[in-house]
Amino acid sequence: MKYKNYENVYEMDHPLIKHKISLLRDKNTGTQEFRKLVEEIAALEGFIALRDLPLKDVEIETPIETCMTPMLDGKKLAIVPILRAGLGMVNGITTLVPSSKVGHVGLYRDPETHEPHEYYCKLPDPIDQRLCVVLDPMLATGGSAIAAVDFIKKHGCKKIKFMCIIAAPEGIEKLAEAHPDIEIYIGNVDRELNDNAYICPGLGDAGDRIFGTK
């Protein structure tokens, strides 16, 4: 499950994730089905990525007796999608943890340099006491992911996980080296980036396919 020699990078090996990613790749998959698949994959990845959430014992009264039983501990989880494609993954995680707080980081990529530029950042407060899960379906050059994590750290967040559906080796290397302290969860590692910085074989533009735009 660990990717190459990176201690903080995990590629999913669950057959349901692989199957659903294959359906995402198909150019004939329509907007509604694509959107639903993204949510389902996010939930499956989240089930694995959130396996270490802290627990505490609380007293519960069952129909039979009173008992001590584990429930989530600490401040509510913070989910931070990178706008706009990351929004497609949010419902998958909130299905698992309905009490999650949701923030947003808005970035756009310069068409010439492919460098990210921030235009919006709003995070749940207090972010420094929460686990923050950053969501983006694609990890291509790594620029947007690095910038988003930079912004979140500047706001005081100390524990961050990054989740994506597909990634290029180039982006994984840059993100892992820029932020070796965060955990990175990937549905599938693709072959490479092309000259336009698109993941190959990829699945096209995730934002356009989620929202039905061109």
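Biologist: How many residues does helix α2 have, and how far does it reach from its first C-alpha to its last?
Modeller: In this predicted model, helix α2 runs over residues 31–49, which is 19 residues. Its reach is 26 Å, close to the 27 Å expected at 1.5 Å a residue.

Biologist: Nice. Which residues of α2 are buried?
Modeller: They are Phe34, Leu37, Val38, Ile41, Ala42, Ala43, Glu45, Gly46, Ile48 and Ala49.

Biologist: And what covers the buried residues there?
Modeller: The cover includes helices α1 (15–25), α3 (87–96) and α6 (206–211), along with strands β10 (159–167) and β11 (183–189).

Biologist: Let's talk cores. How many residues are in the largest nonpolar core, and which have the most contacts inside it?
Modeller: That core has 35 residues, and the ones with the most contacts inside it are Leu24, Leu77, Ile93, Leu135, Met163 and Ile165. At least two residues each come from α1, α2, α3, β8 (131–135), β10 and α6.

Biologist: Which element gives the most to this core?
Modeller: That's α2 again, with seven residues. As a general point, nonpolar side chains tend to be buried together in soluble globular proteins.

Biologist: You mentioned Leu135. What does Leu135 touch, leaving out residues up to four places away in sequence?
Modeller: Leu135 touches Ile79, Val80, Pro81, Ile82, Gly86, Met89, Val90, Ile93 and Met163. There is also a second, separate core of 31 residues, and it includes Ala78, Val105, Val149 and Ile160.

Biologist: New topic: where is Lys174 found?
Modeller: Look in helix α5, residues 169–178.

Biologist: Why does Lys174 count as partly exposed?
Modeller: Because its relative accessibility is 48%, and partly exposed lies between the 20% limit for buried and the 50% limit for exposed.

Biologist: What is Lys174 in contact with, beyond its neighbours within four places in sequence?
Modeller: Thr141 and Ile146. Lys174 and Ile146 are 28 residues apart in sequence, yet their C-alpha atoms are 8.0 Å apart in space.

Biologist: Zooming out, how many helices and strands does the protein have?
Modeller: Six helices and 13 strands. The radius of gyration is 18 Å, close to the 17 Å that the globule rule gives for 214 residues, so the protein is as compact as a globular protein of that length.

Biologist: What share of the residues is buried?
Modeller: Buried residues make up 48% of the 214. The protein exposes about 11100 Å², and carbon and sulfur atoms supply 51% of that area.

Notes: Residues are numbered from 1 along each chain as its sequence is written. This is a predicted model: local features need pLDDT of at least 70, side-chain atom pairs count only at pLDDT 80 or more; totals for chains, interfaces and linings use all residues. Side-chain values use heavy atoms; hydrogens and water are left out. Helices (H or I, at least four residues) and strands (E, at least two) are DSSP runs, numbered from the N terminus. The expected span of a helix is 1.5 Å times one less than its number of residues. Buried means under 20% relative accessible area, exposed over 50%, partly exposed in between (1.4 Å probe, protein chains only). Contact means heavy atoms within 4.5 Å. A nonpolar core is a set of buried Ala, Val, Leu, Ile, Met, Phe, Trp, Tyr and Cys residues joined through side-chain atoms within 4.5 Å. The radius of gyration is taken over C-alpha atoms; the globule rule is 2.2 Å times the number of residues to the power 0.38. Accessible areas come from the Shrake-Rupley method with a 1.4 Å probe; for residues, only the protein chains shown count as cover.
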